[in-house]
Every structure is written in C-alpha cells, then in structure tokens.
Amino acid sequence: MALIAVIDDDPDIVETTTMVLKSKGYDVVSASNPDDGYDVIKDESPDLIILDVIMVEPDDGFFLAQRLRRDGIKTPILMYTSISKATGIQYDKNEMIPVDEFLEKPVSPDTLVEKVKALLEKGGA
Amino acid sequence: MTEAKPKALVIDDEELLRLGVKRLLELEDYDVDVASGGVEGVEKATSGDFDVALIDLKMPDLDGVEVLRRIREKRPHTVCYIATAYASYETAVEATRLGAQGYILKPFTDDELLDQLEKGVRKRRLELESARLRQEREERMLELATERSRLKTVVNALADGVLVVNYEGKAVYYNPAALTYLGLDDLSLEEPALDKLPEELRRLISQYLDEPEKRTTAVSKQLALKPNYELTIEATCTPAPNPDGSIAGVVVALKNITELKRIEHLKNQFVSMVSHELKAPVAASIGFLNTILDPDTNLDEETQTRFMERAVSRLNSLLTMVNDLLDISRMELKTAVRELKEVNLAEILEETISLFKMDIEKKQIGVDFETEENLPTITADENEVQRLFTNLISNAVKYNRQGGTLVVRAKRAGAYAATTVRDTGVGLKPEEKKKLFSEFFRAKNEFTKGIHGTGLGMSIVKRIVDSYSGKIEFESEYGAGTTFVVSLPIRREEREE
C-alpha cells in the first residue's frame, strides 16, 4: 500500500488527516516542521507528500517543495493551506511552487482521498 | 485729453524782446516765464517742466548753444528753439546736433514764432504720450516676465513631477521632481524624450500621440519604478489638444505613491495572515468532525469524544481570536469606549496574579510580588489595564518552566508607575525580539509546542501601553526568561512631589 507523508505544524490536522488516510488503507508518516519533514521524506521515500504552506515561517512549505525538487525528488506533492485566495494573495502551483496539486483548507475526506488517488496513479505508485 | 496751457520759457538778454514775446504768447493762451540770461534760463528750464523754450544764441553770461545743451541734458522733452540774428550754417548744425527743434531768425514775425512754437508743443506732447505708452508696455512686459518666473517657481517647487511632451515626443517642459522620479540626470528641452522614459510610461504617452482620436481623456497608471516598494509612481497623462482637435502634446503628472503602496502591501499581508489564522481552527474543527462522520474511520466512542472536545477547544480559541481582533480594530479606529478613572495598580496586579492561581500551582511557580507603598494611582480604563497585565502575566506563567519563578514589582519612576514582570521561561531568540509585538507572532520552538495562543496578546499590550502614552521595554534571553517593564504615566496632580 502507498505511503503518504503528512507535513503540517497543526497537530490536529496531522491527527485527523492521518486517521482518514489510514482508514482508507494508506500508510502514513508525519512531521510538524519543514526540517523534520525533509528528513522523513529522505528516510521513508513516501509515494506522496501532503504539505502545508505556513509552518514556522509563512513560506516554509514553498521552500521545502523547492528543496525537494532541487534534490531531484519527484514525489508528487499535494499542497494545502488556510491562506485564502479571497484575500487577493494568489498562490497556485507554478515554477516557484513546484507542486502537483494546490488545495485550500479545509479539505473534506472525500476530496482528499480523490486527489490522493489521482496523484498516486499519475505518479505510478 | 484735457490740454493744460502750454508752458513756454523765453531766455533772452534783450528785455524788450522778452516782454514782447511774453505778451504775444500770453495772448495765445501760453503760460509764460522769462529769463534774462543764460544761467537764469538753465536754472528755470531745469527746475520747471516747460513744453517749449526759446533761447537767444548770444547772451553775455552763457552762450545759447551751451544753454541748450544743459537744458536738453536734464529736460530732454522740452522742445528748444534757438533764436538768432546771425544765422551761420555751423551754429545751426551744432544746435540741431544738440537737439534743438529749430532755428528762428531774428527778427521774426508773430506768426512765424507762433507757428514754430505750436509745432514744438505738439511734438512735445506726442513725445510724452509715446514715452508714457512705452513705459506702460515695459511695465507689462516686466509683469509678464514676473508671472512666468512665478509659474516656474511654483511648478519647480511641486512635490509632484510635471512633464510635458509635445506631439513629436519631445520634452517641452518639466520640473526637477519629474527628473528625480524618472531617474533622469538631465533632459534637454526639445530633445526626443520618449526613449528615455520607463517602458510603461512611454507606451501610455505613445497611445495619445499615435491615436489621439481614441485617447481623449486622462489615464492614470501606477508604475513600480523600483522593486520592493522602493518607488512607485502614479502617472496621470492628460492630452492637450490644439483648437482644431489635433494633439498638441501630453501633460504627465507624476505622483509619488510609494508610501501608500507600502501600507497597502502591509495591509494585504495582514489580511492574509488574519484569514489564515482564522481559517486554521475552522479547518481543524471541520477535520475532527469529518473524521468522526467518515464511516471508514470507525472511531470508538472515547476517540469521538476527544475529537469533539478538541473541536470545541479550537473553536473557543477562534472566538478569543475574533474578540481580540475586534479589540485591536477598535483601538486602531479609536472607537474603544473608555471609562477613565483613578486606578490602583497594586490592586489590579494582585487580582491578576490570583486569576492564574491554578496554573501557577500546577507548574509550581514561585511568585514574588511586591509593590511600593503609596504607589501613585494612574488615570486609565480599569478593564484595559487589567487586560494589559493579564496578557503579560498569562505569558509569564504559560511560557515559564516547571518550578520557575514569577516576579511582579511596581514602583514609582519619575512621572511613571513602572511595573516589572519577570519570568524564568522560554525567552526570546534575538531574531524573535523585533517581532514580539507584531500580530500573530508566536515563538515556535521545542519548548512552546503545547502552548496555545492567538499571537495577538502582546500586540494588544503594546497598543494599550501606547494609547496611554506609556512605554514598554523588555529584556530576554533564550532559554532563561524574559523581563518586561511597563511604565504608565501617573496622575498629573501626583507628579510634582
């Protein structure tokens, strides 16, 4: 079964996301900051990364995604954030944000699972 | 023009002639004065203002030619005639050279004299009129020049840049501010200016020049001339049409809106942070509820209860945050309703510490509380002061270590009541210190994992202190603790002691 890394500084989000994913049969590893996240990804080689944007710093998620891509890690990344596009700050996947999917929180279990499935199929896992 | 009597001066050493001419002229309505010699003649002619003077050429004291010269020097508009019995070609030339109007041969008939003098008077009047007109014209020119220089002074003094480009794209007018904003050292007039302008501005001006029929109204555009909000200019282009409707040029006004853009950027950042902070607890709570509802998770009752409790807790923190934000907004808009009265600081501090009794006991924190005797009161809203110290002491407890100490001291310091709140807690890293009072700043490190907060507490503290013209200072060492000193002005009557 596919292994998913959840990297988010909100322990409640990590707990519920983990629980939902596990109930669908996925294996989950997690981290609460970008440095631990990087280590977990290096050590565990997950099939998919679910990554929050604002952790210790407001752009931690972007930097971690860039760092992973620089290291040649091509694992699909599903990025999610509570930043609202309605505030005029436009964030989406682009060259500066090398991710495969960008979602606004909260993400319902159905949407999450649907996106995870799609990305895993695309990634060939 | 109401004509005054023409004034004539007769200079002649021959008394009979003087009197004869005087009588004749007076009959013709002249105002006549006489002089019996050259010196007296010069004296009278230069101190009065005569229309015409009749000067005898041969006088014993002063020669008529010299008299003429001296009169002309001082009174160039007095029309002079030389009268002589011995006309010589040389003296005639000399007299004319010196500005005599004419030559009158003695003896002369009444008509001859009158005819000559009348011409002289007319000439003199025409000359005066022309001089007056000339002076008027010069004054107007001067006025115009002053007006032009005044306009230039005004335009040059404007903080806004002004640049006028003609239909050929040449700069025909600009002020120093325009050069500064556009980063140009110099722009000579009549020089093709378009190529020297920033791309966006050039395109905007070109639209007016190339298709004047399409662009007939003013257009403003914001130009980020330097990145990172260093220089943003709002350029407003207004077409200047010729009377026939064709384009004469474009007037460009350049307004520096850098500060405005910077504030706008900060506001956007703030709004985006607020929305993130508000959405995070909502997302977490929805996450808990969705996990409970998801049939696949198949949660046991205990986990379900724990999740619901967490959801309630997150929503409560959301509520606190919303209230804090509303308070900040009220403080910012200065619409907070205040009830100012004499506030006893020592009492408030004591009450506040007792609020945290349970947490203090749980963490086994030693409390060291002391206030100076007869501490002066401060004039303030009691709720706000309570809020201020609740936030400070709450942090000092929350971020303290197990078995640490909390020191609270209040004493008078000049015109202020100074309250010290010291903890032996997490402390701040150097880079965190300048962010301490910013909204949503929360120290995130290995020690602060389980500590909750909105990140608005210290921002509220700072706003309250500032609103009373007080000051807040702090010292902090990472891993050792933080000391705050809040100074609030004491009551005016108690300051002089």
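This is a short talk on a predicted model of a complex with chains A and B.

First, the conventions. Residues are numbered from 1 along each chain as its sequence is written, and chains are lettered from A in the order in which they are written. Because the model is predicted, local features need pLDDT of at least 70 and side-chain atom pairs count only at pLDDT 80 or more, while totals for chains, interfaces and linings use all residues.

Confidence next. The predictor gives the complex an ipTM of 0.89 and a pTM of 0.61. Chain B averages a pLDDT of 89, with 98% of its residues at 70 or above. pLDDT is the predictor's confidence in each residue, from 0 to 100.

Now the contact. Chain A gives 21 residues, chain B gives 22 residues. Contact means C-beta atoms, placed from the backbone, within 7 Å. On the side of chain A, helix α1 (residues 11-23) supplies the largest share, seven residues. Helices here are DSSP runs of H or I, at least four residues; strands are runs of E, at least two; both are numbered from the N terminus.

Let's go to strand β4 of chain A, residues 77-81. Is it buried or exposed? Five of its five residues are buried, so β4(A) is largely enclosed by the rest of the structure. Buried means 20 or more other C-beta atoms within 10 Å of the residue's own; 12 or fewer is exposed, and anything between is partly exposed, with C-beta atoms placed from the backbone. In a regular strand the side chains alternate between the two faces of the sheet. On β4(A), one side carries Ile77(A), Met79(A) and Thr81(A), the other Leu78(A) and Tyr80(A), and both are covered.

Which strands pair with β4(A)? Strand β3 (residues 48-52) of chain A does, parallel, over four bridges. There, Ile49(A) faces Ile77(A). The chain runs from β3(A) through helix α3 (residues 60-70) to β4(A), a right-handed β-α-β crossover. Strand β5 (residues 101-104) of chain A also pairs with β4(A), parallel, over four bridges. Met79(A) has Phe102(A) as its bridge partner in β5(A). Pairing requires at least two DSSP bridges between the strands.

Over to chain B. Five strands make an open, mixed sheet, ordered β12-β14-β15-β17-β16. Its edges are β12 (366-371) and β16 (471-477), each pairing on one side only. β16(B) runs antiparallel to β17 (residues 481-489) of chain B, over seven bridges. Ile472(B) sits opposite Val486(B) there.

Last stop: Glu309(B), in helix α9 (residues 301-333) of chain B. Glu309(B) is exposed, because 11 other C-beta atoms lie within 10 Å.

Terms used
Contact = placed C-beta atoms within 7 Å. Right-handed = clockwise from strand over helix to strand, strands pointing away.
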